[in-house]
Amino acid sequence: MNQKNIDWAKLPFGYYKTDYNVRCYYRNGKWGELEVSSSEYVPVHIAATALHYGQEAFEGMKAYRGKDGKVRLFRWQENAKRMRNSAYGIMMAEVPEELFYNAIVKAIHMNADYIPPYGTGATLYVRPLLMGSGARVGVKPADEYLFMVFVTPVGAYFKEGFKPVSVQVVRDLDRAAPLGTGKYKVGGNYAAGLRATERAHDDGFASVLFLDSLEKKYIDEAGPANFFGIKDNTYVTPQSDSILPSITNMSLEQIAKDLGLKVERRRIPFEELATFEETGACGTAAIISPIKKIMDKSTGVTFTYGEEAGTVSTKLYHHLRGIQEGTIEDVHGWNTIIEGI
Ligand code: PLP
Ligand code: COI
């Protein structure tokens, strides 16, 4: 398996070169053939809409090597759907589900040596991206699109792993407008969040926690992950039109129900942070990152939770990972096993 001699357990969440990526062009109103490339570079037209007007969307999922040696994808259909929705949101050609699946499976197969072994904590991160590659100077959607998938082995998103992190609430910078593109996975949202994110890092926090940009009263989400709180045997997570609909969060809501918790998706007023027994950030990259401290940068108001992960977050974490790695029964049919690896 480990023909690449990688120290899997030490991998950060970063780019590690693999051997191949896959590409497919949309031209003259239709998708072409999947192409395999060994180059890490993409020839791009100088007037491509992705470069000028932000016509770009991406996805993030992981291929998990199970205890049984099988390689699983978790709810890839949801990623395919979300990418179609992102394409709709910023007027790009939509990638059909079958093309999406064929591309990710091809990219994983071609780089099978980079799938981290079970038990190392590392996984193969799969990054599909879609960009307007056609030339425009006026502000208009492109007539040509490029869909690509690369894979890279990764470790934990937050260097703390499953250890609680501190996050910073900001009021002077927004990630997304109330009726803007926050619910799509488009590059522009991440550019908009960079200044707040880097400032939070400089201030010693693992992530920023955004409030709703209209009233600054409710919790929206963390930089790269959704937010949840636990109290009174209830999993509470924000309802907001400007956050990314996280597939991990959606899955945790179901797992919470399966484990006998109540689930509430509703607006979470900032003050309610004082009442949670546990809080966390969740996403494909972050998995679950328990939160030990939330500090408001503007007012200094601080909420603290356990220095260690709470019991409910720990249960949710192990259950989710167990399903993804094939040690807990996949009762909802979320996994797809990739054959032949
Ligand atoms: N929120 C944002 C802004 C993200 O970038 C991500 C990562 O994809 C998430 C939430 C978590 O979504 P998912 O669980 O589908 O990975
Ligand atoms: C993910 O969780 O997959 C993400 O895309 C988050 C971040 C790396 C942007």
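**View 1. Salt bridges in the predicted model.** One of the pairs joins glutamate 253 to arginine 265. Their closest N and O atoms are 2.9 Å apart. This pair links distant parts of the chain. Glutamate 253 sits in helix 5, residues 247-258. Arginine 265 sits in strand 14, residues 262-266. The two partners are 12 residues apart.

**View 2. Two domains of the protein chain.** The chain is divided into domain 1, residues 8-154, and domain 2, residues 165-325. Taken over C-alpha atoms, the domain centres are separated by 25 Å. On the side of domain 1, 26 residues are in contact with domain 2. Domain 2 contributes 20 residues to these contacts.

**View 3. Area buried between the domains.** The size of an interface is often given as the accessible area lost when the parts come together. Here domain 1 and domain 2 bury about 1,900 Å² between them. Carbon and sulfur atoms carry 61% of that area. Which residues of domain 1 lose the most area to domain 2? They are Phe58, Phe74 and Arg82. Together these three account for 30% of what the domain 1 side buries.

**View 4. Polar contacts and elements at the domain interface.** Between domain 1 and domain 2 the count of salt bridges is zero. Polar contacts do cross the interface: nine residue pairs, with both residues at pLDDT 80 or more. Four elements of domain 1 give two or more residues to the side that touches domain 2: strand 4 (56-58), strand 5 (61-65), strand 6 (71-74) and helix 2 (76-89). Helix 2 supplies the largest share of that side, seven residues. By residue class, the side of domain 1 that touches domain 2 divides into 10 nonpolar, seven polar and nine charged residues.

**View 5. Surroundings of ligand 1.** There are 16 residues around ligand 1. Those that come nearest are Tyr190, Glu221, Ser246, Thr248 and Thr284. In the side chain of threonine 248, an N or O atom is 2.5 Å from an oxygen atom of ligand 1. Isoleucine 247 uses its backbone instead: an N or O atom there lies 2.8 Å from a ligand 1 oxygen. Lysine 185 places a polar side-chain atom 2.8 Å from an oxygen atom of ligand 1.

**View 6. Surroundings of ligand 2.** Which residues surround ligand 2? They are Phe13, Phe58, Gly60, Tyr125, Arg127, Tyr157, Lys185, Tyr190, Pro224, Thr284 and Ala285. The side chain of tyrosine 125 has an N or O atom 2.7 Å from an oxygen atom of ligand 2. For lysine 185, a polar side-chain atom lies 2.8 Å from a ligand 2 oxygen. Alanine 285 takes part through a backbone N or O atom, 2.8 Å from an oxygen atom of ligand 2.

View 7. Lysine 185 has a polar side-chain atom 2.8 Å from an oxygen of ligand 1 and 2.8 Å from an oxygen of ligand 2. Tyr190 and Thr284 are among the residues nearest ligand 1, and both are also found around ligand 2.

Note on methods. Residues numbered from 1 in each chain as written. Chains lettered and ligands numbered in written order. Predicted model: local features only at pLDDT ≥ 70, side-chain atom pairs only at ≥ 80, totals over all residues. Heavy atoms only, no water. Domains from an automatic or database assignment. Contact = heavy atoms within 4.5 Å. Buried area = accessible area lost by both parts, 1.4 Å probe. Salt bridge = Lys/Arg side-chain N within 4 Å of Asp/Glu carboxyl O. Polar contact = N/O pair within 3.5 Å; in protein donor to acceptor, adjacent residues only side chain to side chain. Nonpolar A, V, L, I, M, F, W, Y, C, P; charged D, E, K, R; others polar. Near = heavy atom within 4 Å.
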